[in-house]
Amino acid sequence: MPSEPTADGPARPSKKPVIPGWNEEGGGDAPAPRKRPARRTNVDAGRSRNRRRPAPPPTTDAVTESPTDVPFVADDEPVSKAASTASEPTASSGGGFSERVRSAWSGLLARPMLLTGIVVAVPLLALLGDYFLRQRGNAAAVADGEQIDRPDADSVERPSKRTGLVRVYVKDGAGFAVLVNGNSVKDAAGRPLLAPCELEVDARELHRVTVAKEGFRDATKTVSASSGQAAELVFEPIPDPENQFPSLTDAPWFDLEVGQPVALEPVNTPGPEGDPFFTRDGLGLYYTSDGALSGGVLYATRSSPFEPFDEPTSIPLTNDAMSPSVLTLENPETGQIVTHLAFAAKSSVRSAVRENVLDDFTGRDVLRADPDRIHEWTTARLLEGGFALYWTEIENGEPVTYFSARERLTLPFQSKIRVEVPGGVPRLSNDALRQYAYDGKRLQRAVREKVFEWRPGKDQYGRDAMKPYHLPFSDLETVVEIEIPGLDLSDTRRQFCVSEDEQWLVFSDKGAGGDLYVVRLQVGPGWGVVPKGRSIPDKDFSPEIVAAREPEEGMRPFEGVGKPGEDPREKPLPYTEHRREFTELMAAREYAKAVEATRGRIGEPGFEGATEMLEWDLDDVERVRRFWRNAEQGARSMTPGDEFSNGSVDLEFVEFNGGLVVGKLGDKLYPLQLDAMRYGDVVALADLAIEKDDTSAQIDVATFLEYEPSGVERAVDARLKLAGRQGGDFVERIAGRYLGQAKLEFDRDNYLPGLDWIAKLRKFAPASDAAYDADEVEAGLYLKMQWENVGKRQWAGTLSGEYAAGPDREPNSYLLSPKPYSNFELSMEFKVTAENGSGGVYFRYGDPARLRPYEFNAAYKIQVANDFGVEPDPFCTGALFSEQAPKKNLAKPLNQWNTLRMKVVGQKLSVWVNEELVLESNLDNTRIASEGRIALDGITGGVTYRKVLVIELPRTF
């Protein structure tokens, strides 16, 4: 800590950030003289701060310069003129160098005495010029005189190799193969791995782990694996001696040969299909068609990467569309998931939107357009959180690719930048950090670490503004050597797409549209962390004898509860544990056990607030039993000779007797146990006994499908639509369970898990009554703590629980917590609203009667400030003030909301800014108390806090 405090705190040293490529004069190939920036003072609790800061992002459509050495084209400037202006350099021409070479030769040719020398020199200079142009071509971006070289492929950082461990056990079973996300896991020798085993997987993602063995149903669980502790999965597969349930290992493309194209049926129609686009999970495919369905963009789905796609669905409003791309965004204000579809259409890029998977796409907003309709636009790609856009125009018969960006979703895209992407038109990965090309023998990729960045510059009016700088790809590198029959690549259309894991490629056999084919590029994932594993000893599953114990009492004060390191709130809620068990029993069709478990918990200690949810569970069992009665009635209604399905095989009905549906194929009889049949086949039987407009029966079917482990979400949604109003009630009950569990968590002061339940609720049913109730419940959380206002600051706020400090300075002003904390977790949102605004969180402030929190050795502080784009230092957002800089400065621009979370346990401090861990530190200042108040800084002002939660943790941590 500084040793010479002033009246309001120690002085902060002067520091200027280094901003590469910032030329305040702008323009030209040579750097202009740098001006000294205007001196700005940012005062933080008496600390003087002189810092050159980027101007805030523009709020208008600014004309900016391209870092790729090519011109920006203003929206009101004719594209043809901008594209053909000879004096403006292009990415392919090498820019200013080639222009200067041409000017020099013009001067020489004006002198007759040099003609003889020119004849000799031309070939030599041509070779030299070609060499320098090639060298210049490697510099794909220029920022106001500063050349930015194209990155080398080997130098670009690949996806994080942060891995986690998952241990897989099969209870009372051996010989089960293990798959992760559908792919077989191999051991070090390349042999398929069998359970029990330990897997090493990507710690950043969710994974579907499946165990499979002939004679058993596949069993699948979803797991996330942190890098700190191994996750454990225990499977109890259900026997399937007749192999009635299809296995993932029997899927049509599970063993598909590498390099062998397979036609996508029923996607292909008599008309042309083209420009396919994979969704991130590889289970959805968007493409264009002029076939039997209405032309435009179509969408097809499948249940796994090894299954063919189902019948496609035509998307309204896209009858003239080309080259679609889809992007799923979470609305930061509501938490609602929104799907944006972008497509090229008649000299424009348009966008359609839907707010949930049950809705149709609506709207036809223009993202970019050529008002003169001069050129054909053939491909479009919306990406980077909705803030960036690529598209290709045909100019003079040649494809030209452009890029545009915007600072917020509510603003228009800024002026367009002409860019080069390796391989021609954009064929990008979902994060746009990979670009693909195919030369007939090799699939290649170019990579980069970032799509674009905002840098300071000038707008068309000469004002300070932030401009988007498009960042270059590396040179191409080979992904896999493969000759793909039928792929004759177009230079104007996207024509093919690659799955996120680089295992699959879908292409159209004609540039302008033909039939679609899938090709396996390699066996197993080719990008990211490839799952691997090793065998481990089996687990002891002998019954554990547990001594009887008294029912738990409510939450006790945190004066040393339980064992050291234990927090009783970390234990799952009794109802949450019940719901997990109940769902597993329903999936296993153990309905009697589900009823027994549920009835036994009504009135039991720990379930006092869950009675209504337990009754809903019992209602669900009754609905599913009604469904089975209808399925049995449907089976009885069939007559010999009728056809019915058993998986992918159609059988001839013989009789229904004793719960067995007997079918015949040729001369062989197949007795099938009704209650063990595949869900789709059972639903088909039930449909024989119910009317389509019987809403109660449709809810019964939806309830059955909801609990089936392999149930299809779209099938549930279809039944809910048929159920009308009762379908809405069904959704409300599911949403109500989310809200109920959130309330139970809040009742035991377990705020973050409770907020997670509310977030799930809003994603699942954002317009439900439960979602509106959740808004009120959440708002009440932030009013629980009564902050004490110290000083003269008049805190404002537009909402309850929001504390806004105006831009005026008020010495010795802060909000003080009513009690001290030793171990705690704090979460909040904040935004800085003034150029010189700053604030932060003081903690372990131990002597409010004698010291102010900012005085020497009075408290620690986590800083927040208006320092978007500034290099990390001990005085920026996320820093342990004056002591330790964060790993990254993730502060957003002025007036944008940020999230801050901090956890203090003993001497360990962890800080997250905008959901990313930026600081870990040891609190080793022995002069600062180990317990103290929390204070929100309001001295400098220009900062607003909201959604502030403080969660006390046990002293025994």
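I took a charge to sit over a ring if NZ of Lys or CZ of Arg is within 6 Å of the ring centre and within 35 degrees of the ring normal. The model is predicted.

**Charges over rings.** I looked up Arg 448 and found its charged end over the ring of Phe 473, 3.8 Å from the centre. I noted a further case in Lys 221, whose charged end lies over the ring of Phe 235 at 5.4 Å from the ring centre.

**Nonpolar cores.** I then turned to the largest nonpolar core, which has 40 residues. Among those with the most contacts inside it are Trp 628, Met 677 and Phe 704. Elements giving two or more residues to this core include helix H6 (611-637), strand S34 (649-657) and helix H10 (725-747). I recorded a second, separate core of 33 residues, which includes Leu 909, Val 911, Val 918 and Val 950.

I listed the contacts of Met 677, leaving out residues up to four places away in sequence. Its partners include Gln 244, Phe 245, Arg 589, Phe 644 and Val 661.

**Aromatic pairs.** I found 25 aromatic pairs in the structure. Tyr 738 and Trp 757 make a tilted pair, 5.8 Å centre to centre with 35° between the planes. This pair joins helix H10 to helix H11 (residues 751-764), its members being 19 residues apart. I checked Trp 757 and found a relative accessible area of 14%, so this residue is buried.

Tyr 738 also pairs with Phe 764, edge-to-face, at 5.9 Å centre to centre and 75° between the planes. Phe 764 lies in helix H11, 26 residues from Tyr 738.

Lastly, I noted one aromatic cluster formed by Trp 253, Phe 254, Phe 306 and Trp 504.

Key: Residues are numbered from 1 along each chain as its sequence is written. This is a predicted model: local features need pLDDT of at least 70, side-chain atom pairs count only at pLDDT 80 or more; totals for chains, interfaces and linings use all residues. Side-chain values use heavy atoms; hydrogens and water are left out. A nonpolar core is a set of buried Ala, Val, Leu, Ile, Met, Phe, Trp, Tyr and Cys residues joined through side-chain atoms within 4.5 Å. Buried means under 20% relative accessible area, exposed over 50%, partly exposed in between (1.4 Å probe, protein chains only). Helices (H or I, at least four residues) and strands (E, at least two) are DSSP runs, numbered from the N terminus. Contact means heavy atoms within 4.5 Å. Rings of Phe, Tyr and Trp (its six-membered ring) pair if their centres lie within 6.5 Å; planes under 30 degrees apart count as stacked, over 60 as edge-to-face and the rest as tilted.
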